[in-house]
Amino acid sequence: PNVVSWTSLMAGYIDMGRPKMALWLFGGIYEGLGLPNEFTFATVINACSILAELKTGRKIHAFVEIMGFQFNIVVSSSLIDMYGKCEDVEGARRVFDLMECRNVVSWTSMIAAYAQNAKGDEALEIFREFNTKMVDCPNEFMFASVIGSCASLGRLVSGKVTHGAVIRRGHDSNDVVASALVDMYAKCGCVHFFHVMDGFGYEYSVHRLNKVVEAMCASGGNNLVKEAKFVVFKLKEWIKADGVTYKLLIKGFCDLGDMIEASKVWNLMVDDGFQPDVDAVNKMMETLFKVNRYDEGLKVFQMMRVKRMDDLGPSSYRLVIHWMCKRGKIEQAYVVFEEMCKRGIRPDNLTLAALIYGLLSRGRIREGYRVFEGIETPDISVYHGFIMGLLKLRKAGEATQVFREMIKRGCEPIMHTYIMLLQG
């Protein structure tokens with residue numbers, strides 16, 4: 001083997017999703033194979049990017065300088081990409097500024113580094129500098145990063161200008177750019193986007209509508225969730241919302257705790273002939289429980305038991321049992337638990353942990369221990385339920401004993417375990 005075949009082997013492992021193996025191979029490259037070339041360095045730096053191995057990446061960067069490849073355009077572009085993905089934007093900029101010669105790849109890497117690290121203003125500034133200094137045309141990845149920066153900054157005008165450049169350069173049919181445009185127009189709250197896209201050959205699509213609604217609802221802002229609902233109903237003449245659309249809106253309003261709007265969307269969904277799926281049902285119940293509308297949450301559960309019992313699965317039972325135990329309604333929780341078992345649904349450890357906590361917190365220690373002893377492989381959630389229940393009864397000694405047993409069985413504690421014990 002020589003350096004070329006060794007480098008190809010490293011690249012092959014990266015393509016197979018095994019970048020650690022590529023790093024290991026790089027460590028053995030000196031055994032009679034000669035010195036690494038620029039493609040070897042670019043490949044191993046790419047492995048560091050995928051693994052976000054900043055420490056290793058810096059060591060390889062030092063080796064790059066020792067070997068005299070610091071001004072190589074391929075290696076430098078890879079270093080910029082690596083530093084960007086490892087959240088060291090200053091490191092990426094240092095490499096960029098030291099480059100004697102740059103191409104569209106190096107400029108794209110620098111713009112992407114800023115965009116990926118929430119530095120949208122700097123990304124747009126570099127893009128403007130690229131357009132001033134370079135004769136090369138932006139590629140689709142550069143456009144996608146710039147559009148993403150416009151989205152993060154809420155710069156609709158800049159986004160539209162970039163969209164125009166995308167069309168002029170012939171990248172409007174590229175999936176990467178189209179996805180970035182969908183996200184940008186969604187976050188900037190622009191209904192007009194769908195009509196523009198239709199005019200350029202992108203047909204009205206409920207899939208595209210759902211991507212926009214998902215992006216807006218995921219923003220966590222009240223105005224954007226309301227805007228998402230506005231978009232859906234403004235476009236109903238061209239795009240018919242489906243069950244996924246309604247589910248996303250329900251989730252968005254539930255995340256805000258706005259149960260009035262969530263209930264309105266729920267009713268519209270039913271009127272349109274769609275059944276809320278289990279995820280939507282669970283989200284409604286969970287939010288009603290969280291905002292102290294416990295009885296209304298149970299009504300949703302009861303509705304499912306009467307009309308759609310077959311759709312009730314482990315996640316719904318776990319949720320209801322958890323909240324019943326949390327509120328001290330242990331008898332109700334036991335009824336639901338028995339129903340779950342009679343239907344042949346095996347309770348998971350999270351459900352059993354909630355039940356153990358509920359029993360112990362109500363002083364039913366023997367029953368709590370009996371449930372615990374019946375669990376084949378208790379995990380951290382079970383031990384946490386057990387320990388919290390004992391601490392609520394002010395039985396710190398027994399809680400500590402359970403903690404020791406947990407470690408003895410090979411169940412590793414986490415930070416929350418220690419905080420819980422210290423507070424108890």
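Modeller: A crossing is called left-handed if the near helix is turned anticlockwise from the far one by less than a right angle. In this predicted model, H1 passes H2 in such a left-handed crossing.

Colleague: What makes H1 roughly antiparallel to H2?

Modeller: Helix H1 (residues 3–15) and helix H2 (residues 19–27) pack at an angle of about 160 degrees, and their axes lie 7 Å apart. Angles over 145 degrees count as roughly antiparallel, so H1 is described as roughly antiparallel to H2.

Colleague: Which residues make the contact between H1 and H2?

Modeller: H1 contributes Trp-6, Leu-9, Met-10, Tyr-13 and Ile-14, while H2 contributes Pro-19, Met-21, Ala-22, Leu-25 and Phe-26. These residues divide into ten nonpolar, no polar and no charged.

Colleague: Why are H15 and H16 called roughly antiparallel to each other?

Modeller: The angle between helix H15 (residues 243–256) and helix H16 (residues 259–271) is about 165 degrees, with the axes 8 Å apart. The cut-off is again 145 degrees; H15 and H16 are therefore roughly antiparallel. H15 passes H16 in a left-handed crossing.

Colleague: How do the residues of the contact of H15 with H16 divide?

Modeller: On H15, the residues are Gly-243, Tyr-246, Leu-249, Ile-250, Phe-253 and Cys-254; on H16, they are Met-259, Glu-261, Ala-262, Val-265, Trp-266, Leu-268 and Met-269. They divide into eleven nonpolar, one polar and one charged. Gly counts as polar and Glu as charged.

Colleague: Which residues does the annotation "repeat: PPR" cover?

Modeller: According to the unreviewed UniProt entry, the annotation covers residues 103–133, 242–276, 313–347 and 379–413. Over residues 313–347 the chain is 74% helix and 0% strand.

Notes
Residues numbered from 1 in each chain as written. Predicted model: local features only at pLDDT ≥ 70, side-chain atom pairs only at ≥ 80, totals over all residues. Heavy atoms only, no water. Axes fitted to C-alpha atoms, helices over the stretch in contact; angles between N-to-C directions. Helix = DSSP H or I, 4+ residues; strand = E, 2+ residues; numbered from the N terminus. Parallel < 35°, antiparallel > 145°, perpendicular 65-115°, else oblique. Contact = heavy atoms within 4.5 Å. UniProt positions renumbered as here; feature names shortened; annotations may be inferred.
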